[in-house]
Amino acid sequence: MELPYAEPYKIKMVESINRSTKEQRLKWIKKANYNLFNLTSDKVFIDLLTDSGTGAMSDKQWAEMMIGDESYAGSSSFLKLKKTVKKITGFNYFLPTHQGRAAENVLFSAMVKEGDVVPGNSHFDTTKGHIEFRKATAVDCTIDEAFDTSKIHPFKGNIDIQKLKIVFKKYPVEKIPFVILTITCNSSGGQPVSMQNVKEVSKLCKQYNVPLFFDSARFAENAYFIKKREKGYESKTIKEIAKEVFSYGDGMTMSAKKDGLVNMGGFIALNSKEIFKQATVFNIMFEGFITYGGMNGRDMGALAVGLDEATEFNYLESRVEQVAYLGNKLVEFGVPVQQPIGGHAIFLDANKFVPNIPREEYRAQALAVEIYIVGGIRGVEIGTVLADRDPITRENRYPELELVRLAIPRRTYSNNHMDYIAVALKNIYDTRNEAKTGYIIIEEAPIMRHFTTKFKKV
């Protein structure tokens, strides 16, 4: 008999989580104006709001925390991190930041101007927010297959080369500061980008002399999918695959709270000395000196270890396959999810789940709230609320997909928790026809509204 799979780690410490009743949750979510971001964590049983900074660190990372060098300039922890980033990415220049959106803020301050156009594959909320804040435009060039949740395609995060060519031909090159390729692509369901697509995008960028940057928050998970799904990479290590991916680009931003396996941190890595010099000005203005950039020395040390751990196959197999375990259970139950299952989260298709709720009543948000009420499970809407309003017309933007993301923290929950989530969702899906109305917005911010929006039930 073949031995069953077992996780490549054992548990050293546990954290209690609070159970609650449905009646309590109804009261709490109403007080939170039906925005899951407004709930305090003690009111959540299983927290799948994000996988960003919510995972468990290893014993080696905690050991590194104890020897963190907190020197303001030139700390040994910074040098460890710089060396690790160079080893894994191959990029020559490195700037630490306190998290991913800070890395975007610094890089985009140096490179994006009013009237610019930034093509990419389904830019995530902070990326699009930083682009539009500078009165530039994000252009989505994702392949069409990404918007059909039932279609099986191994690399739904890919950029459509023809769509990218149209952008390059339509706009002057000086109006395109760079192309941003998100690996894996969060907004399309945690879907990976193939090595072949990276090569094709890189070749086209070089042809038009446009830099290629990676949004690399989940680059290790992307490398895992390349190893598992793309011919010719079966025997390559994760580190070899990741380094090859980065070799086709000019730089990267990183939210280290994902595949860096830390609770806080981020960085920019580049090959251009000129862009690095421009970015250092904004890094000092916004983040701190260039050898700490808003991070503690202990966090930089933990990140150096985390990047090494996250690019090992055994860790990634445990992480990605736990997400697949939950996804496959939901597929068995008939629950509509983005397929194939992505690397860090399950994305529920609200258009198929609760089609009775009008889109203008934010059906994905309504579904996310219902999941909390029924099971104490906190997810997040990836739909019209997150898509925000058009910066010119101020009308709602209705994306092709209305999703609820259930992001699985790394090395945190057991498969018993996955079973609980699956049954809760099946129970909601079985009574889906009872859902007739959603929510209206009573208060919102002018940009990136989803974090603080207040809703009222219709």
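Author: Begin with a term: helices here are DSSP runs of H or I with at least four residues, numbered from the N terminus. The model is a predicted one.

Reader: Which residues of helix α1 are buried, and on which side do they lie?

Author: Helix α1 covers residues 22-31, and its buried residues are Arg25, Trp28 and Ile29. They span an arc of only 95° around the axis, so they sit on the same side of α1. An α-helix has 3.6 residues a turn, so residues three or four places apart point the same way. The answer is Arg25, Trp28 and Ile29, on the same side of α1.

Reader: What do the buried residues of α1 pack against?

Author: The other side of α1 has the exposed residues Glu23, Lys27, Lys30 and Lys31. The buried residues of α1 pack against residues 363-375, which form α14.

Reader: How are α2 and α11 oriented to each other, parallel or antiparallel?

Author: The axes of α2 (residues 59-66) and α11 (residues 297-310) come within 7 Å and cross at roughly 155°. Angles over 145 degrees count as roughly antiparallel. Therefore α2 and α11 are roughly antiparallel.

Reader: How many residues are in the largest nonpolar core?

Author: Phe267 is one of the members that touch the most other members, along with Phe168, Val179, Phe214, Phe219 and Leu307. Beyond four places in sequence, the contacts of Phe267 include Val85, Phe94, Met252 and Leu303. The number of residues in this largest core is 59.

Methods: Residues are numbered from 1 along each chain as its sequence is written. This is a predicted model: local features need pLDDT of at least 70, side-chain atom pairs count only at pLDDT 80 or more; totals for chains, interfaces and linings use all residues. Side-chain values use heavy atoms; hydrogens and water are left out. A nonpolar core is a set of buried Ala, Val, Leu, Ile, Met, Phe, Trp, Tyr and Cys residues joined through side-chain atoms within 4.5 Å. Buried means under 20% relative accessible area, exposed over 50%, partly exposed in between (1.4 Å probe, protein chains only). Contact means heavy atoms within 4.5 Å. Helices (H or I, at least four residues) and strands (E, at least two) are DSSP runs, numbered from the N terminus. The arc is that of the directions from the helix axis to the C-beta atoms. Axes are lines fitted to C-alpha atoms, for helices over the stretch in contact, and angles run from 0 to 180 degrees between N-to-C directions. Angles under 35 degrees count as roughly parallel, over 145 as roughly antiparallel, 65 to 115 as roughly perpendicular and the rest as oblique.
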